[in-house]
Amino acid sequence: LAVTLEQSDQGCTVRLEGEINIGVAAELKKVLIEALKSKKPVRIEFEGATGVGVTGVQLLWAAEREAERAGVKFARMAGMPQAIAAAVAEAGLEFPMMMAAEPAATA
Amino acid sequence: MTDKYKQAFQEEAREIVAELELALLALNETPEDRELVGRVFRAMHTIKGSGAMFGFDELAGFTHNLENAFDEVRNGRLKVTGELINLSLGALDQIKGMLEETSGPGEKTERILADLRRLTGKGETATAAAAAIAAVPETPTVAGSPTRDWVVRFYPGPGLMRTGADPLLLLRELKRLRSLRMKASMAAVPPLNELDAERCYIGWDMVLTTAAERQAISDVFIFVEDICELTIEPAAAESRGAIDEDAGKNKRDAAAEIALTPVAAEAARKDAEPAAGQREQNSPAIASRGRRETDSGPGAAGGAAANIRVPAARLDQFVDLVGELVTVQARLGELAMRREDPDVVAVAEEIERLTSALRESSMNIRMMPLRSTFEKFRRLVHDLARDLHKEVELTIEGADTELDKTVIDQLSDPLMHLIRNSMDHGIEAPEGRGTAGKRGTAKLHLSAKHSGASVLIGIADDGRGIDAQAVRERAIERKLVAPDAQLTEAEIFSLILAPGFSTAKTITDVSGRGVGMDVVKRSVEALRGTIEIASKPGAGTTVTLKLPLTLAIIDGLLVRIGEAYFVLPLASTLECIELTRQDIERANGKHVANVRGEIIPYIRLREYFDIRTERPEIEQIMVAETEGGRYGFVVDQVLGDHQTVIKNLGRLYRHVNIVSGATILGNGSVALILDPQRLVQEAVRDRAATGRANNREIKGRAHAVGAK
């Protein structure tokens, strides 16, 4: 699956793999809502992702705002592929989770 | 890439390819037409760009080379020649194959690319071009041209993502024009719960520094121009400054959004909801043009497209349901009459009125102009003329004439056969035309016009015409007619349509009409149409197809014989007259009636269908126009006109030619819909089979069926 959710006592990890595009957008939205509902820290794991499209970016951006409103910690885990960061920046997008990444070990 | 996006692309691309083909053929006629060159270039650019976007990399790579060639034409470095057009048309065939995924890179592709390289002096292999597109190199701009800044505002509309388009790829392509600074606006992104995951809410305000013209910039968005908000304006200093200041910053506060234009200030979320098209119409700077302009006129409410694409199967289902409604309405009408309740009658009449309007509307939905069917023959004529070394000018008239889509769908093949025959056998080579004192370039005229409930389609050429005597001799030789048969010229020409007549090689030498005419006849008859041929030796031939407007519902005349009901198409019915016992006696038992001095043969349907009920004193003859002249069909009673919803009888009855379908009457009983044309043919054939026929039957005259 391109989008998976792992829940533990410490928080939720949304794992993204392959292309995060319109084809998986509905699933990503569902997973993000579910993760935020838990009220536990949410971490996004990009390591297996090969690309992120605009639908993926805006979902993550909206999820981050939602987390802010709800006072839920929302962060990305270290290890975002450079190609994704570059592609997103290239498009002038306000990519969410540009804040300091959490080390992978904390997941 | 999901199938639905891929299919959407394929559908769009097929249309673009068809337009491109026409533009190339038109360019062949007027090689200096700059606008046409632009049209060709933009169409190729769209196919390339959208192909890459939808994962058709080979198609994109191949088209890239073709696009480059036309870029050279656009820049005046390459001339439009017959060779370039033919090469481009061949390339278009390859593109069609790639689009349908029936062909990929191969010998033919490489040969075309090699020819393109030879013509343009540059180019790449398909694979290299595909890789180049994927790598998004910087687009070469006109060397030495001064650059300028453009403010580009691109806000994808609600439906953009669902077409499979990717805004990021468009931005990448824009970047190829040289230098791009941009700011993405997230202001319209709604809260997560309200967000439509398959829609793009992000918009971009950009400053593009390029030597490219406005046209080249708007070409980047050509595939999405009608589903996004797009403005391209020369930059004012403050706009550039605003973009530069904000570029690269992460601003989450929507209130802090910069406003490049007054319109941009409206980009806050609640204002972003209305469709982009509405704002597009207000902006003078919108680079909206091209093939879709007619789709969304000022009347398009809320910016929604005025036209929508509906699968043909859904349309058929709708028409079927209307058909069912017509049937039920007829039952209701009959019930209301029986009950004699004024309230019920009033409701039944209202429903009848509405049903009639609905039926008309549904029929109109099915109607399509013949234009696309006609226009695609330009390519056929072009290719055949080239192959046959003939010069042919195709003219088209009445292309806006509308016909039922089912009829149109089945019309292409017979028309193609007729055009092929005309080009192959009717039209002479230029030298032959010169000897005959004709212009070297032959004329082929394709026309359509309404004629009552029918459409007449004409295929006329100014070729050598048909030698009637040669056709007659050939028909006698093949035992299609007796040596002493008295035939009119029209009857002789109609022999060309007989099966087997045109299979011999010599036919081409004899008559100028060749293979496939019997196929044409069968196809046209399957559409309940007729064919008429007129020709003058040395002057040319005109083939006229008469086709019904629709195959789904017809206006019929309901008749009764005993307890059986039949429907005769109203369009072919001329009049109704009485047939008394005295009339029958006066004709000495022959099945002919004297109608105001004209002897009309008739078929007694009671006998034909072996209906063994008592014959009334006075019967009715429905006189109809058929291919073989006027014929009568004798019935017990004419009940009146009837909106007839045609139901197929199914495979079991597919060989029963005299019946074109059935319909359900208001009382629930079934009435067969008769095909007068076929009835006459069958009657003549039956007569011949019993050995009582004589050669006059070929003319379909009265006595041939009279003694049945």
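How many residues of chain B are in contact with chain A? In this predicted model, 29 residues of chain B contact 29 residues of chain A, contact being defined as heavy atoms within 4.5 Å. Residues are numbered from 1 along each chain as its sequence is written, and chains are lettered from A in the order in which they are written. Local features need pLDDT of at least 70, side-chain atom pairs count only at pLDDT 80 or more, and totals for chains, interfaces and linings use all residues, while side-chain values use heavy atoms, with hydrogens and water left out.

The size of an interface is often given as the accessible area lost when the parts come together. Between chain B and chain A about 2,500 Å² is buried, 61% of it on carbon and sulfur atoms; this buried area is the accessible area (1.4 Å probe) that two parts lose on being put together, summed over both. Six residue pairs, both members at pLDDT 80 or more, are in polar contact across the interface of chain B and chain A. A polar contact is a pair of N or O atoms within 3.5 Å; within protein, one must be able to donate a hydrogen and the other to accept it, and residues adjacent in sequence count only if both atoms are side-chain atoms. On the side of chain B that touches chain A, helix H7 (167–175) and strand E2 (178–185) of chain B each supply at least two residues. H7(B) gives the largest share of that side, five residues. Helices (H or I, at least four residues) and strands (E, at least two) are DSSP runs, numbered from the N terminus. The count of salt bridges between chain B and chain A is zero, a salt bridge being a side-chain nitrogen of Lys or Arg within 4 Å of a carboxyl oxygen of Asp or Glu.

Chain B as a whole contains 26 helices and 21 strands. Of its 708 residues, 49% count as buried, that is, under 20% relative accessible area (1.4 Å probe, protein chains only). In H7(B), the buried residues are B:Pro167, B:Leu168, B:Leu170, B:Leu171, B:Glu173 and B:Leu174. At the start of H7(B), a side-chain oxygen of B:Asp166 comes within 2.9 Å of the backbone nitrogen of B:Leu168.

B:Glu229 lies in strand E4 (residues 228–234) of chain B. B:Glu229 is buried, with a relative accessible area of 1%, and its side chain makes a polar contact with the side chain of B:Arg153 (3.0 Å).

Terms used:
Buried means under 20% relative accessible area, exposed over 50%, partly exposed in between (1.4 Å probe, protein chains only).
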